[in-house]
Amino acid sequence: MTQNRLSIADPIRTNDILRKYKLRAKKSLGQNFLTNEKVLDAIVDASGLKSDEIAIEIGPGIGALTEKLAQVAEHVYAFEIDDKLIPVLADTLQYYDNIDVINQDILKVDLDEFVKDNNLEGKTIKVVANLPYYITTPIMLNLIESDYPFQTLVLMMQKEVAERITANPGHREYGSLSIAVQTQMNARIDRIVGSKSFIPRPKVDSAVAVLDRLPKEQIDIEDPEFFNKLIRSAFMQKRKSLMNNMLNWLGRTDENREKIKKVFEKCGVAENARGEQVSIAQFKQMAVEFSKN
Ligand code: SAM
């Protein structure tokens, strides 16, 4: 079926497609097309997609990753915001009967409803994407917090964001985003990808991040809303001590200072610690201790 054609990702074919459709990559939509087949194959490998599993892709572009996903998954649902790319994708992906391209803004899609409407409940669904970088964080957090527990997310993103989501306590990059991700997912960087792998080249280095959902019993946060408030407050002013940030949140009274001191003591947090030194387990315990009083 695909034997005599160059892959869409081949730079010669990508440039041919761009020329044929008079396409100019739209910076405003984060359009940087992947033209490195090794990277694409590594992304698909990292997803571990099997023939009875479903792939959701965000931003298929001209279809380079989409066709690779269609070669291994049962079905691919690809959400593309740019109307101009829809006829292009109909052409480049015409040889595949297991792809649906949906012309929608991913941030406006209720993925839980989408899963229900397409009878995908109970299926293993993996999200695989070379993300539009201008909305990496909201897309990623929506996927993580969605009611449907997507098993695995393999996401190409800016290297700097990948470093933040995988950072451990004690590192400069560790903060509220690391915690938002790591409370739900096991996150690792599969590889760093240089700008030469894309047409046009992005200004930043990229990384493929792999996020696997943690088992339910490891996501033991009783009151997620309160936990999120605690984390937001803890990192409100990153350079200040955690004590200071907690006082700003709860109110600067002697009573609160004593209360916070006690909670810190119980959780093994030093009085002068900064948020970036505190582990997720300690934050979880702090949330429990605070809600006791
Ligand atoms: N998957 C292709 C590849 O790897 O070559 C293209 C990736 S490109 C980095 C990002 C894609 O996301 C573009 O096709 C862009 O039009 C699309 N996109 C941007 N914002 C979007 C949104 N809000 N919803 C859906 N797709 C979006």
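Biologist: Which backbone oxygen does the side chain of serine 47 reach?

Modeller: In this predicted model, serine 47 belongs to helix 2, which spans residues 37–47. At a distance of 2.6 Å, the side chain of serine 47 reaches the backbone oxygen of valine 44.

Biologist: Does serine 47 count as buried or exposed?

Modeller: Leaving aside neighbours within four places in sequence, serine 47 is in contact with Lys126, Val128, Thr152 and Val154. The class itself rests on accessibility, where buried means under 20% relative accessible area. Because its relative accessibility is 3%, serine 47 counts as buried.

Biologist: How far apart do the C-alpha centres of domain 1 and domain 2 lie?

Modeller: The domain assignment of the protein chain places domain 1 at 11–215 and domain 2 at 224–292. Between the C-alpha centres of domain 1 and domain 2 the separation is 35 Å. The contact takes 11 residues from domain 1 and 11 residues from domain 2, and the centres, to return to the value asked for, lie apart by 35 Å.

Biologist: How many residue pairs are in polar contact between domain 1 and domain 2?

Modeller: Across the interface of domain 1 and domain 2, the rule finds 0 salt bridges. For residue pairs in polar contact between domain 1 and domain 2, both at pLDDT 80 or more, the count is 4.

Definitions and conventions
Residues are numbered from 1 along each chain as its sequence is written. This is a predicted model: local features need pLDDT of at least 70, side-chain atom pairs count only at pLDDT 80 or more; totals for chains, interfaces and linings use all residues. Side-chain values use heavy atoms; hydrogens and water are left out. Domain bounds come from an automatic or database domain assignment. Contact means heavy atoms within 4.5 Å. A salt bridge is a side-chain nitrogen of Lys or Arg within 4 Å of a carboxyl oxygen of Asp or Glu. A polar contact is a pair of N or O atoms within 3.5 Å; within protein, one must be able to donate a hydrogen and the other to accept it, and residues adjacent in sequence count only if both atoms are side-chain atoms. Helices (H or I, at least four residues) and strands (E, at least two) are DSSP runs, numbered from the N terminus. Buried means under 20% relative accessible area, exposed over 50%, partly exposed in between (1.4 Å probe, protein chains only).
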